[in-house]
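I opened the model and kept notes as I went. The entries follow the order in which I looked things up.

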Amino acid sequence: MTRLQHLGWFLSRGFGPHGWGHDYLDWNYDWTRPDLYVESARALEQAGVDLLIIEDAPSLGSPETIDLRVRQAFGGPKHDPLLLAPYLFAATQHLGVVPTVNPAAVLPYTGARQLATLQHLSGGRFGLNLVTDTGSARHFSAAPPLGHDAAYDRAEEWLDGVRSLWRSWDDGALLADRGAGGVSGRYADGSLLRPVRHRGEHYEFDGPLNAIPFEQGADGEPVIVSPGGSGRGLAFAGANSDVQLALAPLTEQSVRDYRAKIHAAARAAGRALEHVKVLFAIRPVLVSSPAEADRLVAASANPDDATLLHIAEQQSSDLETDLTALDLDKPLPTGLFGDHVSHGSIKRLVGGHDLATTPLRELLGGLARLGRIADRSGWVGTAGELADLIEELGEWGNDGVLLWGDLHPVTVHRTLDELVPILRRRGILRTEWADGGLRANLRAF
């Protein structure tokens, strides 16, 4: 029997104009107000979803691609997801909320204090999705952007520094002793606060942290989530992350190979393998019947130029590179993508094609053409077919999946209303919550 699977939701559009470009915009939610997200978060919790990861990018991109990013709200505007989190915590009891944090944008001391505050406010349900995007570097200093691997080095230094601040209160430092009659006594023992003096390649700061420690020590710290499929990204996840947002072909060999790389990095860092949960991202298009799925797939087989242009605009936003001005019938120019561009974003565009010889039309067409969940060629299918896939992943040893989409009540219910009962009847989706917050729920199975 397949073991229980964790279910997460990846808010792929960030804290931005939800509903834009879709008919359900006419539900008349104001994306800048919390109601839209509160209603959706409650539905996720009712469905047994462990965590909500909120994508973010602090930048509107390079001057050359700003219009592409904002024209259809693909890449902006976006508001700060850290400030949305308290509304979601107030509306739920068990759901973990995981906004995106960029070490280039937040100094370690400021980050450690803010994140500790959110962890205390939420009763242990806070996490951070740590990204290494360097496209926003110009907003934070005049220094040139770091390369791909160097950005991971900075993220590792940032996280080490934040953790040293979280741990700057030694055991016994927090006394909260009210004394006789409750009117005197000592709140804390300053001799047990470590100064923390960090002098690294990217950051310099001193402690201790002006925030109280976590009752469970390191196990009480916010959960760390990371994306990234490069060798450096997988090594970072294995050494540091509680959850890896995984993007890979969902074949048995691919899934097992991906997990093996994460586990090798975790083992090298002396971590327990079961403490690193690998959740593969899935963006399903759920329909009422196999016949309807077949119809959608067939209709997508020969995309017209307007469809390809629409996809080029989306990809230009993700890649911070204008694809719309390029010749559809020629390969991409050599050296088109800067070193700061996400390897995962490039891989999604290229797929299994040869970048040097494949015309752009074929690359975009590959993204336009849909496939069936049933034969593992894509993400169109029924709720039952998606449940089959999730169950099969569990049989291969996987920990769960991240459903990828907008955080709009229409999207949430379209995705979960039929799927959740099927998963629960099969015994592979939680019906009860653990005590102790997000980390406890992740480690429950």
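This is a predicted model: local features need pLDDT of at least 70, side-chain atom pairs count only at pLDDT 80 or more; totals for chains, interfaces and linings use all residues.

**Entry: asparagine 240**

Leaving out residues up to four places away in sequence, asparagine 240 touches Glu156, Leu159, Arg163, Ile224 and Arg271. I take contact as heavy atoms within 4.5 Å. Asparagine 240 sits in helix α6, residues 231-240. Helices are DSSP runs of H or I with at least four residues, strands are runs of E with at least two, and both are numbered from the N terminus. Buried or exposed? Asparagine 240 is buried, because its relative accessible area is 5%. Buried means under 20% relative accessible area, exposed over 50%, and partly exposed in between, with a 1.4 Å probe and protein chains only.

I noted the ground rules here. Residues are numbered from 1 along each chain as its sequence is written. Local features need pLDDT of at least 70, side-chain atom pairs count only at pLDDT 80 or more, totals for chains, interfaces and linings use all residues, and side-chain values use heavy atoms, with hydrogens and water left out.

**Entry: the barrel**

Next I traced the sheet. It is a closed barrel of 8 strands with parallel pairing, in the order β1-β2-β3-β4-β7-β8-β9-β12. On average, neighbouring strands are turned by 25 degrees against each other, direction ignored. Axes here are lines fitted to C-alpha atoms, for helices over the stretch in contact, and angles run from 0 to 180 degrees between N-to-C directions. Helix α13 (residues 409-416) packs on the sheet and touches β1 and β12 (400-405). The direction of α13 makes about 150 degrees with that of β1. Helix α5 (residues 148-166) lies across β3, β4 (127-130) and β7 (223-226). It runs at about 160 degrees to β4.

**Entry: strand β2**

I then looked at both faces of β2, residues 51-54. Leu51 and Ile53 are buried on one side, Leu52 and Ile54 on the other. β2 pairs with β1 (residues 6-11) in the parallel sense over 4 bridges. Two strands count as paired if DSSP finds at least two bridges between them. Tryptophan 9 stands opposite leucine 52. β1, helix α1 (residues 35-46) and β2 form a right-handed β-α-β unit. Right-handed means that, with the strands pointing away from the viewer, the path from the first strand over the helix to the second runs clockwise.

I checked leucine 51 separately. Its relative accessibility is 0%, so leucine 51 counts as buried. Its contacts, beyond four places in sequence, include Leu7, Trp9, Val225, Leu279 and Leu438. I also took a distance to isoleucine 311: 260 residues apart in sequence, 29 Å apart in space, C-alpha to C-alpha.

**Entry: strand β3**

β2 and β3 (residues 96-101) run parallel, joined by 4 bridges. I listed the partners. Leucine 51 has glycine 96 as its bridge partner, isoleucine 53 has valine 98, and isoleucine 54 stands opposite proline 99. How many residues of β3 are buried? The count is 6 of the 6, so β3 is largely enclosed by the rest of the structure. Gly96, Val98 and Thr100 point one way, Val97, Pro99 and Val101 the other. β3 and β4 pair in the parallel sense over 2 bridges. Threonine 100 stands opposite asparagine 129 in β4. From β3 the chain crosses through helix α4 (residues 108-121) to β4, in a right-handed crossover.

I tested the length of α9. Its 15 residues should span 21 Å at 1.5 Å a residue, and its end C-alpha atoms are 20 Å apart, which agrees. The expected span is 1.5 Å times one less than the number of residues. Among the buried residues of α9 are Leu308, Ile311, Glu313 and Leu319. Their cover includes α2 (66-71), α10 and α11. Glutamate 320 follows α9, with a positive phi near 50 degrees.

In α10 (residues 343-350), I found Ser345, Ile346, Leu349 and Val350 buried. They cover an arc of only 130 degrees around the axis, which puts them on the same side of α10. The arc is that of the directions from the helix axis to the C-beta atoms. What covers them includes α9 (305-319) and α11 (360-368). Glycine 351 comes after α10, and its phi is positive, near 60 degrees.
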